[in-house]
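Let's take a friendly walk through this model, one region at a time. Please have the viewer open as you read.

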Amino acid sequence: MEILLAVCIGLVVYTYIGYGILVWLLVRLRGCRAVLKTDAAFTPEVTLIIPAYNERSCLAEKAANSFAQHYPADKIKFLFVTEGSTDGSSDFLRASYGSKISLLEGTERRGKVAAMNRAMQQVTTPIAIFTDANTILNREAVQNLVRHFQDPNVGAVAGEKRIMTNDSESAAGSGEGLYWKYESFLKRMDSDLHTIVGAAGELFAVRTELYEPVETDTILDDFIISLRIAGRGYRVAYEPDAYAMERPSFSIVDEQKRKIRISAGGFQSIVRLSYLLNIFRYGWLTFEYVSHRVMRWAVAPPCLPLIFLANGWLAVQEWMDGSAGGYSWTVLFGLQCLFYAAAWLGYRLEKKNLRWKLLFVPFYFTFMNVCALVGLVRYLKGNQSGTWEKVRRAGEVELKTP
């Protein structure tokens, strides 16, 4: 039981802390990747693809933000994908922007991935950039993404996701912001070491010729697309100066649904990308993929209940055997109980729209891992589809179709 406890603790610590330290040390030992030499004249044609299922409330701001990109106007095209929308999105875009944009619409809701596959059939530019309708890009985003493609070994480039929160936001939103700050650090390290393992769908670019149609029931399309490109021997670069800003989830219920869906998609991805687990063939890619993603989804979450149960068993045995050997297991078990009590209290306060910063870490850590376990169950039951789902965001105003 002690061995089980030690192994599980070691796996969890490595997943959330150890890997970050290890990859940082490896980058320091190997030296940082050479600074990319850019040519201001390198401005290939690009297509900005914006999936927008029932995003009417965001479209005016998104269009203005897209048109304001610091990139030659004759080198950038805009393709809005409104397939299946029922809120008047297509009519609004057509009436407001006309020939300035291309519009891919349809009455049938076949899912985001099917829409993306259709959209890529219309792309004639060498680079395609995906961005969500409910995000705002910095004005240099397109320019900063594109410059990496001067390196022929780069097959895709991931931007950075930033969560816009304020002091009155929910604990989930604040925790999400902290999580993405740590994720950004890991992506920088992964990119410097070899390649990042998974782009964020809010903003990423690919060489059009490398795009492969994705199975339409895919949940994490951005992850699958970028990892398959990496598996073909290309780097997926990371560009923190190209970022997409979005609001946190509207409520803890919305964030829970999103996390469970992502977790179910993670297990689906592990199965579909099982060939990347061959370290003898993929080397550094396998190391990064397993350490950063597979362990985060499939190893650490089930280890946590095992740690709690094993520690509880050892604490009971310690009390039954007397205090001759001290009460170290009891103390450790007590600390675990306090941690999860803090997480539970954070959850209860969140349900009442109250917040306490001290509870952010235990609440969001526990929240993520519980969602991962629920996501595993959902994936095993086959209850998760790839159908396009709209996520409510804080401050979002719902528009009704006239």
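## Starting at Val 81

In which strand is the place of Val 81? Val 81 belongs to strand S2, which covers residues 76-81; strands here are DSSP runs of E with at least two residues, helices are runs of H or I with at least four, and both are numbered from the N terminus.

Val 81 counts as buried because its relative accessibility is 2%; buried means under 20% relative accessible area, exposed over 50% and partly exposed in between, with a 1.4 Å probe and protein chains only. Its C-alpha atom is separated by 6.0 Å from that of Ile 50, 31 residues apart along the chain.

## About the model

This is a predicted model, in which local features need pLDDT of at least 70 and side-chain atom pairs count only at pLDDT 80 or more, while totals for chains, interfaces and linings use all residues. Residues are numbered from 1 along each chain as its sequence is written, and side-chain values use heavy atoms, leaving out hydrogens and water.

## Helix H7

Now to helix H7, residues 221-231, where 11 of 11 residues are buried. Just after H7, Gly 233 has a positive phi of about 100°.

## Two cores

A nonpolar core is a set of buried Ala, Val, Leu, Ile, Met, Phe, Trp, Tyr and Cys residues joined through side-chain atoms within 4.5 Å. The largest has 41 residues, and those touching the most other members are Ile 49, Phe 130, Val 206, Ile 225, Leu 227 and Tyr 289. H7 gives the most to this core, with 6 residues. Another core, of 30 residues, lies apart from it and includes Phe 80 and Tyr 97.
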